[in-house]
Amino acid sequence: MSMITGDWYEAVGEEFKKPYYAKLYNFVKEEYSSHVIYPPSEDIFNALHLTPLKNVKVLILGQDPYHEPGQAHGLSFSVLPGKADTPPSLVNIYKELNDDLGCNIPNNGYLKKWADQGVLLLNTVLTVRAHAANSHKGRGWEQFTDAIIQAVNKEDRPVVYMLWGKPAQMKKTMLNNPKHLVLEAPHPSPLSAYRGFFGCKHFSKCNEFLKANGIEPIDWQIDDI
């Protein structure tokens with residue numbers, strides 16, 4: 001697993017020295033050697049590589065990576081362009097963006113543009129076995145990603161959290177920084193989007209909050225490729 005650097009290492013590097021991480025490392029290494037695992041090992045920490053802690057404006061929390069070929073590349077909800085169709089949850093995110101901010105629905109699911117602007121696209125579990133959702137759940141990733149969430153919570157500046165669905169909302173107890181904005185809605189998956197994800201207007205609420213605090217808002221429009 002490629003290590004992290006920069007301000008993320010300063011914030012969560014101690015995690016690498018803890019017993020749980022040694023167990024997690026050995027488990028993940030064995031999984032990569034014996035099964036097809038997503039994302040590719042060099043992409044595990046892409047969310048951190050693309051969005052340094054000092055740049056985080058928004059945290060969107062997913063669960064575990066996509067588990068079909070050509071999808072996962074280390075950013076929650078994102079898929080590589082030209083490799084896979086836009087997944088159903090992201091289709092619904094685009095529908096909400098269209099309704100909320102008038103964004104055109106793009107022909108791809110590649111969300112690097114968001115990451116480059118300070119949207120931390122974090123999954124609570126960072127690896128998965130092919131065709132087996134949640135197969136790496138409970139192996140230690142949650143403790144590591146909790147440390148990331150706590151590092152963001154400690155930032156002494158306004159940050160927006162988008163917590164979609166119950167697993168993400170269970171992290172709310174960590175988020176006690178009065179400078180931050182916590183937005184909650186049902187998950188955008190086809191099973192739950194109609195229960196209140198559609199119409200939640202999280203994207204406009206996020207940008208209004210950022211602007212009110214003198215921070216450049218996010219350009220949520222993903223461009224066609």
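1. Ala, Val, Leu, Ile, Met, Phe, Trp, Tyr, Cys and Pro are counted as nonpolar, Asp, Glu, Lys and Arg as charged, and the others, Gly among them, as polar. By these classes, the lining of the largest cavity has seven nonpolar, two polar and no charged residues.

2. The model is predicted: local features need pLDDT of at least 70, side-chain atom pairs count only at pLDDT 80 or more, and totals for chains, interfaces and linings use all residues. Residues are numbered from 1 along each chain as its sequence is written, and side-chain values use heavy atoms, with hydrogens and water left out.

3. On a 1 Å grid over the protein atoms alone, a cavity is a set of points where a 1.4 Å probe fits but cannot get out, a pocket is an open set with protein on both sides within 12 Å along at least five of seven lines, and lining residues have an atom within 4 Å of a point. Grid points are joined across faces, edges and corners, and a volume is the space filled by probe spheres set on the points.

4. The largest pocket has a volume of about 610 Å³. Its lining comprises 29 residues, of which Q63, D64, Y66, S89 and H187 are the closest to the centre. Eleven of the lining residues are nonpolar, 15 polar and three charged.

5. The second largest pocket holds about 210 Å³. Q63 and D64 are among its lining residues, as are K137, E142 and K171. The lining divides into three nonpolar, three polar and four charged residues.

6. The largest cavity, of about 40 Å³, is lined by residues including I44, F45 and G74.
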